[in-house]
Amino acid sequence: MKVPGAAELVLAPGVVHLDEPAAVYEAMLAGWGRQQKSRLLADGTVEPRLALVRRFAEFTGSRPWEWTAADVEDFTASLMSGKGRLAASTIRGYHVTLRLFCDYLLDGRYGWVGQCDRRFGAVPSQVCHDFNTAAHLVEYEGRPARRPFTYDEVQVLFDFLDDRVDVVARSGRKGALAAMRDAQMVKTAYAFGLRRRELCFLDLADLRPNPRMPAWGTYGAVHVRYGKSSRGSAPRRRTVLAVPEFDWVVQGLAQWVEQVRPLLDPGARQELWLTERRVRIAVKSMDRRFAFLRAAAGLPAELTLHCLRHSYVTHLVEFGYPERFVTEQVGHSYASTTAIYTSVSDDFKTKTLQSALRRVYGQAPDDVREGR
């Protein structure tokens, strides 16, 4: 029995091709696509990989059985030059993709080595090795400017959002409902530490009660059904509890669901965040909306919507919540990932050190108490 992606399944036997190299190359890509989909990898993973292989082949001007390690090095150099220089993590991802494709071609179960040898007198090789590909040296490779919001920046953003709702409503212009939706979406993203997709894909049924706080009604927790998934798996689910420090989100959600959202005439639609056309607001649309709001509030351009999630983690840690609780709230598989998100303030560090000194010595020295 042939495995998905085998050469015999994508190359018709006994057929003479007018352009044999092109036909074999396309069959390789088709076979690799089948192999990946048989592993239940999503189209969002498979298609970009195939596109990168095509891009690399176009760059080299040759077919996979002609590629060399020098081609990879030249390709990498092109990615690192000019104004469009790519991030190290992106280049490393490209290297991983090319390595996986070459591994597929060299695997004897798929028969590509024999096909190339018989047809062209040449065979593919592994062109990505430890000495010409980017190594993963540090846990976090994001831009250094990317950071959590400070408490003051969160307050500036929220004050601006509230004022904007009032200004638009008093002006009588169309858009007051959208302004209120934008404000509540941003606040909800922060109060529950949600990713952008998790936020946009919330439905009314995802609003849950917290048994410990019946006074919060159905707004004491949100059930995330579209969490970040591992490759080949369904989106991970989790329930995020509202915390007392962010209990203001309960009133805001209740106002949106019970008073404002009905004005959009949603009918039977279940999407929590609707546009004026009664469709779910898209992730890219929310990105654009947030960029506009952040700029209008006078905040730095490096602060994205995802930075509010970093702020959520940081602030929960500063509030004293245990590491395990924070990790489960944000849906991380490992505490080390949560630690990358954390960027506590100097004031928190000072207070933590004071607490430790009091615990060990009974009283903190004056220089620590005074922040020197």
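Q: Which residues are linked with R181 in a network of salt bridges?
A: The structure is a predicted model, in which local features need pLDDT of at least 70 and side-chain atom pairs count only at pLDDT 80 or more, while totals for chains, interfaces and linings use all residues. Residues are numbered from 1 along each chain as its sequence is written, and side-chain values use heavy atoms, leaving out hydrogens and water. A salt bridge is a side-chain nitrogen of Lys or Arg within 4 Å of a carboxyl oxygen of Asp or Glu. By this rule, the network joins R181 with D182, E276 and R289.

Q: How many salt bridges does the count come to?
A: Side chains of opposite charge can pair when their charged atoms come close. With the rule stated above, the number of salt bridges is 18.

Q: How many residues apart in sequence are the parts tied together by R238 and E198?
A: The side chains of R238 and E198 form a salt bridge, with N and O 2.9 Å apart. R238 belongs to strand β3 (residues 238-241) and E198 to helix α9 (residues 196-200); helices (H or I, at least four residues) and strands (E, at least two) are DSSP runs numbered from the N terminus. Both R238 and E198 are buried, a term for under 20% relative accessible area, with exposed over 50% and partly exposed in between (1.4 Å probe, protein chains only).

Q: Is D206, the salt-bridge partner of R225, buried or exposed?
A: The side chains of R225 and D206 meet in a salt bridge of 2.7 Å, N to O. This pair links distant parts of the chain, with R225 in the loop between β2 (221-224) and β3, and D206 in the loop between α9 and β1 (207-208), 19 residues apart. R225 is partly exposed at 21% relative accessibility. D206 has a relative accessible area of 2%, so D206 is buried.

Q: What is the relative accessible area of R269?
A: R269 forms a salt bridge with E271, and the closest N and O atoms are 2.6 Å apart. E271 is buried, with a relative accessible area of 10%. R269 counts as partly exposed because its relative accessible area is 34%.

Q: How is helix α3 oriented to helix α5?
A: Two packed helices are described by the angle between their axes and the distance between the axes. The axes of α3 (residues 43-60) and α5 (residues 88-106) come within 10 Å and cross at roughly 90°. Because an angle of 65 to 115 degrees counts as roughly perpendicular, α3 and α5 are roughly perpendicular.

Q: Which residues of α5 make the contact with α3?
A: Contact means heavy atoms within 4.5 Å. On the side of α3, the contact is made by R49, L52, V53, R55 and F56. On the side of α5, the residues are Y94, T97, L98, L100 and F101.

Q: Which residues does V72 touch, not counting those up to four places away in sequence?
A: V72 is part of helix α4 (residues 69-79). At 0% relative accessibility, V72 is buried. Its contacts, with that exclusion, are F56, H95, V127, C128 and N132.

Q: What is the phi of D265?
A: D265 lies in the loop between α10 (248-260) and α11 (283-296). D265 is exposed, with a relative accessible area of 54%. In this residue, which is not glycine, phi is positive, near 55°.

Definitions and conventions. Axes are lines fitted to C-alpha atoms, for helices over the stretch in contact, and angles run from 0 to 180 degrees between N-to-C directions. Angles under 35 degrees count as roughly parallel, over 145 as roughly antiparallel, 65 to 115 as roughly perpendicular and the rest as oblique.
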